[in-house]
Amino acid sequence: RQQAAIAEIAANAAQQSAETSRQPLETLERASVFVVKAYPSSVPITLDTEIIFRLRNFGRTRAERLEAKCTIFANDKSQIALLVPTTLGPRDVAELRFSPVGKWLDQNELEKINTSTPKTDMIFIRYDIEISYLDVFAVEQYIQGDGFYRPWDGEFFIGHKHAIQRDSRKH
């Protein structure tokens, strides 16, 4: 009996040790997808300009079932772009493109956007983005971000609010 109890204690300790060493390994190896750049296809923005979001996997493993939903807003108007489920390998890039802004903004609004500065009354183009994917450890990753267009440098400010992990192995 005593040997069985010792064997059980050793087995439990080995299992805990394996779990403890697995966590840092997963953190180092998992996919890590973020918006790395958001920009208009032309500066200043014209009616034909597309807004482009570039996502990159900084991790060492692939992101599976990568999806993104991005909404851009200006003057109480909005437009949505979706990234259909895809796989993104390590260091790979995916793009999310909006149709030309002339489909939802007029020339007068674009003029105000293009001439905005931090010291003037501004009309912003801003965005909210949600990114989700499954990493190779079967953990769902979910990232929210937002930002706004800075016409004075022709790019968007990129902010990532937070990342959430949902372990699908436990469901």
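## Salt bridges

A salt bridge is counted where a side-chain nitrogen of Lys or Arg lies within 4 Å of a carboxyl oxygen of Asp or Glu. By this rule, the count comes to 10 salt bridges. The structure is a predicted model, in which local features need pLDDT of at least 70 and side-chain atom pairs count only at pLDDT 80 or more, whereas totals for chains, interfaces and linings use all residues. Residues are numbered from 1 along each chain as its sequence is written, and side-chain values use heavy atoms, with hydrogens and water left out.

The side chains of Arg 30 and Asp 135 form a salt bridge with an N to O distance of 2.6 Å. Arg 30 belongs to the loop between helix H1 (2-29) and E1, and Asp 135 to the loop between E6 and E7, so the pair ties together parts that are 105 residues apart in sequence. Both Arg 30 and Asp 135 are buried, a term that stands for under 20% relative accessible area, with exposed meaning over 50% and partly exposed the range in between (1.4 Å probe, protein chains only).

Glu 50 forms a salt bridge with Arg 97, with 2.5 Å between the closest N and O atoms. This pair links distant parts of the chain, Glu 50 being in the loop between E1 and E2 and Arg 97 in strand E5, 47 residues apart. Glu 50 is partly exposed at a relative accessible area of 25%, and Arg 97 is partly exposed at 43%. A network of salt bridges links Glu 50, Arg 54, Glu 95 and Arg 97. Asp 153 forms a salt bridge with Arg 150, where the closest N and O atoms are 2.9 Å apart. Asp 153 is partly exposed at 40% relative accessibility, and Arg 150 is partly exposed at 23%.

## Overall architecture

The protein chain contains two helices and eight strands, assigned as DSSP runs (helices H or I, at least four residues; strands E, at least two) and numbered from the N terminus. Their order from the N terminus is α-β-β-β-β-β-α-β-β-β. Of the 171 residues of the chain, 35% count as buried.

Contact here means heavy atoms within 4.5 Å. Among contacts with a separation of 6 or more, 62% are between residues 24 or more positions apart. The accessible surface is about 10100 Å², and 51% of it belongs to carbon and sulfur atoms; these areas come from the Shrake-Rupley method with a 1.4 Å probe, and for residues only the protein chains shown count as cover.

## Nonpolar core

A nonpolar core is a set of buried Ala, Val, Leu, Ile, Met, Phe, Trp, Tyr and Cys residues joined through side-chain atoms within 4.5 Å. The largest such core has 34 residues, and those with the most contacts inside it are Phe 53, Ile 125 and Ile 131. At least two residues of this core are supplied by each of strand E1 (33-40), strand E2 (51-57), E3, E4, strand E5 (93-97), H2, strand E6 (126-134) and E7. The largest share, six residues, comes from E3.

Leaving aside neighbours within four places in sequence, Ile 131 is in contact with residues including Val 33, Val 35, Leu 55, Leu 66, Ala 68, Tyr 142 and Ile 143.

## Helix H2

Helix H2 (residues 107-114) has Glu 109, Leu 110 and Ile 113 as its buried residues. Seen down the axis of H2, these residues fall within an arc of 100°, so they line one face of the helix; the arc is that of the directions from the helix axis to the C-beta atoms. Their cover includes strand E3 (63-74), strand E4 (77-88) and strand E7 (139-150).

The N-terminal end of H2 is capped by Asp 106, a side-chain oxygen of which lies 3.1 Å from the backbone nitrogen of Asn 108.

Gln 79 lies in strand E4 and is buried, with a relative accessible area of 14%. Its side chain joins that of Trp 104 in a polar contact of 3.2 Å. A polar contact is a pair of N or O atoms within 3.5 Å; within protein, one must be able to donate a hydrogen and the other to accept it, and residues adjacent in sequence count only if both atoms are side-chain atoms. Apart from neighbours within four places in sequence, Gln 79 is in contact with Cys 70, Thr 71, Ile 72, Phe 98, Ser 99 and Trp 104.

Glu 29 is found in helix H1 and is partly exposed, with a relative accessible area of 21%. The side chains of Glu 29 and Arg 60 are joined by a polar contact of 3.1 Å. Not counting residues up to four places away in sequence, Glu 29 touches Arg 60, Thr 61 and Phe 137. Glu 29 and Val 136 are 107 residues apart in sequence and 8.8 Å apart in space, C-alpha to C-alpha.
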